[in-house]
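Trainee: Could you walk me through this one? I'd like to go feature by feature.

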Amino acid sequence: MAYTEEELKKELETKEYEYGFYTDIESETFPKGLSEEIVIAISKKKEEPEWMTEWRLEAFRVWQQMEEPEWANVTYKKPDFQDISYYSAPNKKPKYESLDEVDPELLATFEKLGISLEEQKKLAGVAVDIVMDSVSVATTFKKTLAEKGIIFCSISEAIQEHPELVKKYIGSVVPQKDNFYAALNSAVFSDGSFCYIPKGVRCPMELSTYFRINQAGTGQFERTLVIADEGSYVSYLEGCTAPSRDENQLHAAVVELIALDDAEIKYSTVQNWFPGDKEGKGGVFNFVTKRGLCEKNAKISWTQVETGSAVTWKYPSCVLKGDNSIGEFYSIAVTNNFQQADTGTKMVHLGKNTKSTIISKGISAGQSQNSYRGLVQVNSRAENARNFSQCDSLLMGNRCGAHTFPYIEAKNKTAQIEHEATTSKIGEDQIFYCNQRGIDTEKAIALIVNGFSKEVLNKLPMEFAVEAQKLLEISLEGSVG
Amino acid sequence: MDNKAYSNMLQINDLHASVEGKKILKGINLEVKAGEVHAIMGPNGSGKSTLASVIAGKEEFEVKKGSLALEGEDLEDLSPEERAHMGVFLSFQYPVEIPGVSVTNFMKTAINESRKAKGLEDMPANQMLKLIREKSELLEIDRKFLSRSLNEGFSGGEKKRNEIFQMAMLEPKLAILDETDSGLDIDALRIVANGVNKLRGKDNAIIVITHYQRLLEYIVPDFVHVLHDGKIVKSGSKNLALELEEKGYDWLKQETVV
């Protein structure tokens, strides 16, 4: 069953008794609280070089001076940062011996998503017999990538193996002091991915499949760094459509993308973390900083499908530094029950002839609140910058809310900025029309929602799009009575 | 099964229905047999569209008394989609828009949902394509039209033609055309009527709801009924429609009072 906050607290408390910090550095979980010692201990645990430890400490010191932001259109009980354990080694022991022990509700959802049995086991934390298929597939992937000189590994491994790249780029797009949660992440991140595509290389595969096979669980403070060298291309998929019932309530990830001259990065996310129960209890707080830097003629596209989390606070952004660079943001954010999402993007135009496109689709149901917040900023030297924004909201029922907060700052008079916004409601007439054609209400809603989201779904890689479509249906199940 | 063969396609007995507490239908009796086309005429507010909605099962309409059955099967407790699966089709007076959902996708979903309800597999793609090609030719529909979002930005004529295209795709037993002629110019009317005529058959029945005689010149009914104040006040052959055209409805209203 899903963890309630109380159970979570209890578990953390008992764990603290179980493992004393100084007596057992090999423990799976660190004691609660955050201090310089903890930051050093995390770094040590990961056998990091000194520069990395220093970098983390700098972040920690900045974080201490900072205050948790309150400007987002969300209300929640602020986490007690001294009541969180900041390091938890990946649990190698399977939680269950067979699928029979797993929450049937979770399995039913897997079923609906069409996830294979082996994968179900993996996701639910069931012991998996050696799956020859996955192993060999993973090996093949690794080989193909290596042949092209592509580096794709965990961030910890990258710090060990490719320190020069990490040192050069980490924090170059999202500095440690960027914001409260970015600073926290910089101090304590324990997991994440690293990807480097060499000059002129076109990554031959979507980096998701590999990712999904190799990464069983996600960390609480993930750090992702993707570097596309000059003229290279990569499509990166993050997340999983399968529901993640993570025990960690607070998630504060940082993702940095660097697209050097003429490079292109497509970054797609499907996020389906536990949103809390129907009464709005429990659920993940997702406070993410995602930003990409475009050099000359480079292009970064963010595509996201957000259906999970109790509170989401997330603005994948593009800094269009190089001339002729392009930034894109395509987003579907679904909120149901008591979920709250404040999400959008920032497009910062610095270079000449830079272009950005924003397509945001917000779907609110239940008693949820869904806000789009976006900034389009045109610097004084950004001649001929162009932006097109479209923000559409779809409401279901009459107890939810949709909000749009577009900010535009244009300091160059050659800028062309367009903003379009619509709000619509799924009408009873639409539902009856579908019913009359033999389509039941649940399916009718799925159809209408998919139609509404089509422009964004089309941007996802094919295989992911089909899953995302199913996910939208499931997220809104039972939301119209 | 044999019983069904003898029962009427649609049987309505003493039907009373209200919406938001307001009585609209006040005792309708109607029998429609397979192979027949019935026209229902009447002035504004007489209850024509309500009757269509009640047959289709729209929730706001509350059946207070009486019964309605399709091929002998009582419809009262069935949802709109269940009625659709049984073969009830309503061509809407005001078809709704569904942005981002193409006509093809909508039809594919509708057909497969009906098949699912009958325990059948999804229709194979090649069969679906063949059906679409066949029916779009029947109704002189440009296939480009089918990839457009359902009714979004459609002209009045396109919307109505799309309704009849859906009817052709779903092959209903009982089709109700609710003011299909409204908003159509004469050319569009002819195309739509031709389409409907091609779909007439001995195993299905059609109810045409209209204000005007005009449509009935193209879709010639077997019976004409006049609805006034929630009741059928007169029934007759297609000549009744001509008579109405000539005299208007007032003489019938007076007749009911007497």
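Trainee: Where is the kink in helix α12 of chain A centred, and about how many degrees is it?

Mentor: The kink in α12(A), residues 441–457, is centred on G451(A) and comes to about 40 degrees. The bend at a residue is the angle between axes fitted to the seven residues ending there and the seven starting there. Before we go on, this is a predicted model: local features need pLDDT of at least 70, side-chain atom pairs count only at pLDDT 80 or more, and totals for chains, interfaces and linings use all residues. Residues are numbered from 1 along each chain as its sequence is written, with chains lettered from A and ligands numbered from 1 in the order in which they are written.

Trainee: Is α12(A) mostly covered or uncovered?

Mentor: Mostly covered, with 13 of its 17 residues buried. Buried is used for a residue with 20 or more other C-beta atoms within 10 Å of its own; 12 or fewer is exposed, in between is partly exposed, and the C-beta atoms are placed from the backbone.

Trainee: Which sheet is in that part of chain A?

Mentor: An open, parallel sheet of seven strands, in the order β4-β7-β9-β12-β14-β16-β18. At its edges are β4(A) (233–239) and β18(A) (416–425), each pairing on one side only. From one strand to the next the twist averages 5 degrees. α12(A) packs on this sheet, touching β9 (299–306), β12 (326–335), β14 (355–364) and β16 (386–395) of chain A, and its direction makes about 160 degrees with that of β14(A).

Trainee: What do those terms rest on?

Mentor: Helices (H or I, at least four residues) and strands (E, at least two) are DSSP runs, numbered from the N terminus. Two strands pair if DSSP finds at least two bridges between them. Touching is a contact, with C-beta atoms, placed from the backbone, within 7 Å. For angles, axes are lines fitted to C-alpha atoms, for helices over the stretch in contact, and the values run from 0 to 180 degrees between N-to-C directions.

Trainee: How many bridges pair β4(A) with β7(A)?

Mentor: Seven, in the parallel sense, with β7(A) spanning residues 264–271. S235(A) stands opposite K266(A) in β7(A).

Trainee: And β15(A), why is it called largely enclosed?

Mentor: Nine of the ten residues of β15(A) (369–378) are buried, so the rest of the structure largely encloses this strand. β15(A) pairs with β13(A) (340–349) in the parallel sense over ten bridges, and T345(A) stands opposite G374(A) there. β15(A) also pairs with β17(A) (401–410), again parallel and over ten bridges. N370(A) has A402(A) as its bridge partner in β17(A).

Trainee: On to chain B. What order do the strands of its six-stranded sheet take?

Mentor: β6-β9-β10-β3-β11-β12, an open sheet with mixed pairing. β6(B) (88–91) and β12(B) (231–236) stand at the edges with a single partner strand each, so one side of each has no neighbour in the sheet. The twist averages 20 degrees from one strand to the next. Five bridges join β9(B) (174–178) to β10(B), and the two run parallel.

Trainee: Why does I209(B) count as buried?

Mentor: Because I209(B) has 26 C-beta neighbours inside 10 Å. I209(B) lies in β10(B), residues 205–210, and touches residues including I40(B), A52(B) and I176(B). Its C-alpha atom is separated by 8.5 Å from that of H38(B), 171 residues apart along the chain.

Trainee: Last one: how many residues does each chain give to the contact between them?

Mentor: Chain B gives 20 residues and chain A gives 16 residues. On the chain B side, α3 (80–86), β7 (98–102) and α4 (103–117) each supply at least two residues.

Terms used: Two residues are in contact if their C-beta atoms, placed from the backbone, lie within 7 Å. Lists of a residue's contacts leave out its neighbours within four places in sequence.
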